[in-house]
Amino acid sequence: MSADVETQLRDSFTRDAEAVRGPADPWAAYTRREATHRRNRRLRAGALAAAVAALVGVQTNVVPLPGWAPGIAVAGHGPAFADVPTRGELAGDQAWLAGLRRQVKDIADPDGLWRVADRDEIHVVYAGDIPGRRLAIAHVRLRLGLIAVWERVYYQGPPGAAPEQMEESGNEGAESPVAHYAYGDDEDGGGALVVGPPDAEVAISLGFVYSPAGVVERRPQPVTSRDGVAAVALPASPNDPNPYARVTVGDKVIFEGGISSGWSSRGGGEDPLPAAALAKAREGARGTPIDAAVLTWFVGLGFADCRVPASEATLRVLWSGQVNGAAAALFTIQPRGGGVIAYAMHGTADSARYDLRLLLPAEGAHTRPLAWRMRADGRDDSTDRVYVVAPPGAARVTVTAATGAPVAVALDAAGFGTGTVPPDQPAQVTAYAADGERIAATPVPPFERSMGDLPGATRGTRIVD
């Protein structure tokens, strides 16, 4: 996948976070839906042309498009790498590349059949072997009636595969200047590849830590290439090795982020949190207790999201109760010697919404007030509602929006309250002791538009620079 992931997640993945069901890691389902969602959006972008063409049966490719019709290219989706030579050890094997072009197939979705517009203009961006797999990346122009789009299509096969052994494994928009791909599982490991412009420096790192200062620190870069291409083997492990790429051209960073691998753990991943550990984590929690099965589900989602084994972290439940008529909880996960990740969720034992993902410095993490913004239930619409949980010992809490004065929040006996903040304004929540002394203040995180990276990896999911 490429930087296009960020755009796709903004529309698709955030909605998934509202009602997470099934496996805690939704990446595999996301990649299956990605191509259809993207093509549907592009189809709507060309709705006017589509409506005209539909009158003659062209738009769904029921009636063949006349050869003289040029197609309407959707703006913003031209191919990157258009003038860049093919890279990889197969770049000079013209017979193999020609065979791959013959493998490129039309793509069907509910709106019709996206046909390969011109097989001769298919540009193979990369072709070669990465650890454990042969990979090819091609730019293909597709047409649905009068609408034309460029897609970056990924093909994979066993090491040394012939073109006819290569199978399509995903596709995305072709406009990003960086393409990246990763795969693997807990038994055999895997590999990761990043392809940028030929003059780019590409660095791939594996692993990370949540520092006690409250930032995500990537481990030293084990792979660096200055020719725009880098690949690395991924070790077999129960948890995703979390490959992370940084691509620079000169002094400019053109891509930085995680490389999703859809990591498969045939052993089932982490063992469930023991009941005794959950009971201990609930000690001192304020509010109304919620069902243990619901809380276990929430906590499991949190551990999967921050990618920290439960056996290597301390769990604390700070508050539980009801939000919008559903069970809700605020809890923290602290890796050994690291920062503290705060989560707020509400839902049921098999469906939950992430309301808060926030990395905090270890020092003073549990004496801070915490607040989170709410979307409308069942939709992505932002509201002005802010839920607040005060720290123990706080007698008063205020919420201050960027353009306003501090506004007191009425707290119940458990230190829980509701305030309002315009959804487009920054804000902070401040707690005071009974004598008026300020205890601590914490920013109210903005609405999160992408859950594709670790909590703390983006500015809106941490409180320190």
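Is Trp319 buried or exposed? Trp319 counts as buried, because its relative accessibility is 3%; buried means under 20% relative accessible area, exposed over 50% and partly exposed in between, with a 1.4 Å probe and protein chains only. The structure is a predicted model, in which local features need pLDDT of at least 70, side-chain atom pairs count only at pLDDT 80 or more, and totals for chains, interfaces and linings use all residues. Residues are numbered from 1 along each chain as its sequence is written, and side-chain values use heavy atoms, with hydrogens and water left out.

The chain as a whole provides the setting. It has 6 helices and 28 strands, where helices (H or I, at least four residues) and strands (E, at least two) are DSSP runs numbered from the N terminus. Of its 465 residues, 53% count as buried. Among contacts with a separation of 6 or more, 64% are accounted for by residues 24 or more positions apart, a contact being heavy atoms within 4.5 Å.

Trp319 also belongs to an aromatic pair. The structure holds 9 aromatic pairs; rings of Phe, Tyr and Trp (its six-membered ring) pair if their centres lie within 6.5 Å, and planes under 30 degrees apart count as stacked, over 60 as edge-to-face and the rest as tilted. Trp319 and Phe416 form a stacked pair, with 4.4 Å from centre to centre and 10° between the planes. This pair links distant parts of the chain, since Trp319 lies in strand S18 and Phe416 in strand S26 (residues 416–420), 97 residues apart. Phe416 is buried, with a relative accessible area of 12%. One aromatic cluster is formed by Trp319, Trp372, Tyr387 and Phe416.

The nonpolar cores come next. A nonpolar core is a set of buried Ala, Val, Leu, Ile, Met, Phe, Trp, Tyr and Cys residues joined through side-chain atoms within 4.5 Å. The largest has 30 residues, of which Tyr210, Phe298, Leu315, Phe331, Ile333 and Tyr343 touch the most other members. At least two residues of this core are supplied by each of S11, helix H5 (275–282), helix H6 (292–306), strand S18 (313–323), strand S19 (326–335), strand S20 (340–347) and strand S21 (352–360). H6 gives the largest share, 8 residues. Beyond its neighbours within four places in sequence, Ile333 is in contact with Gly302, Phe303, Cys306, Ala313, Thr314, Leu315, Gly339, Val340, Ile341 and Tyr343. Another core, of 22 residues, lies apart from the largest one and has Trp96, Leu97, Val124 and Ala127 among its members.

The second largest pocket has a volume of about 450 Å³. On a 1 Å grid over the protein atoms alone, a pocket is an open set of points where a 1.4 Å probe fits, with protein on both sides within 12 Å along at least five of seven lines, and lining residues have an atom within 4 Å of a point. Grid points are joined across faces, edges and corners, and the volume is the space filled by probe spheres set on the points. Of the 20 residues lining this pocket, Phe208, Arg219, Arg307, Pro309 and Glu312 are the closest to its centre. Strand S11 (residues 208–210) contributes the largest share of the lining, 3 residues. The lining divides into 9 nonpolar, 6 polar and 5 charged residues; Ala, Val, Leu, Ile, Met, Phe, Trp, Tyr, Cys and Pro count as nonpolar, Asp, Glu, Lys and Arg as charged, and the others, Gly among them, as polar.

Most residues other than glycine have a negative phi. Arg307, found in the loop between H6 and S18, has a positive phi near 60°, and at 28% relative accessibility it counts as partly exposed. Asn324, in the loop between S18 and S19, has a positive phi of about 55° although it is not a glycine. Asn324 is partly exposed, with a relative accessible area of 37%.

Ala441 lies in strand S28 (residues 438–444) and is buried at 13% relative accessibility. The C-alpha atoms of Ala441 and Thr430 are separated by 4.1 Å, with the residues 11 apart along the chain. Gln103, in helix H4 (residues 94–103), is buried at 17% relative accessibility. Not counting residues up to four places away in sequence, Gln103 touches Pro163, Glu164 and Met166.
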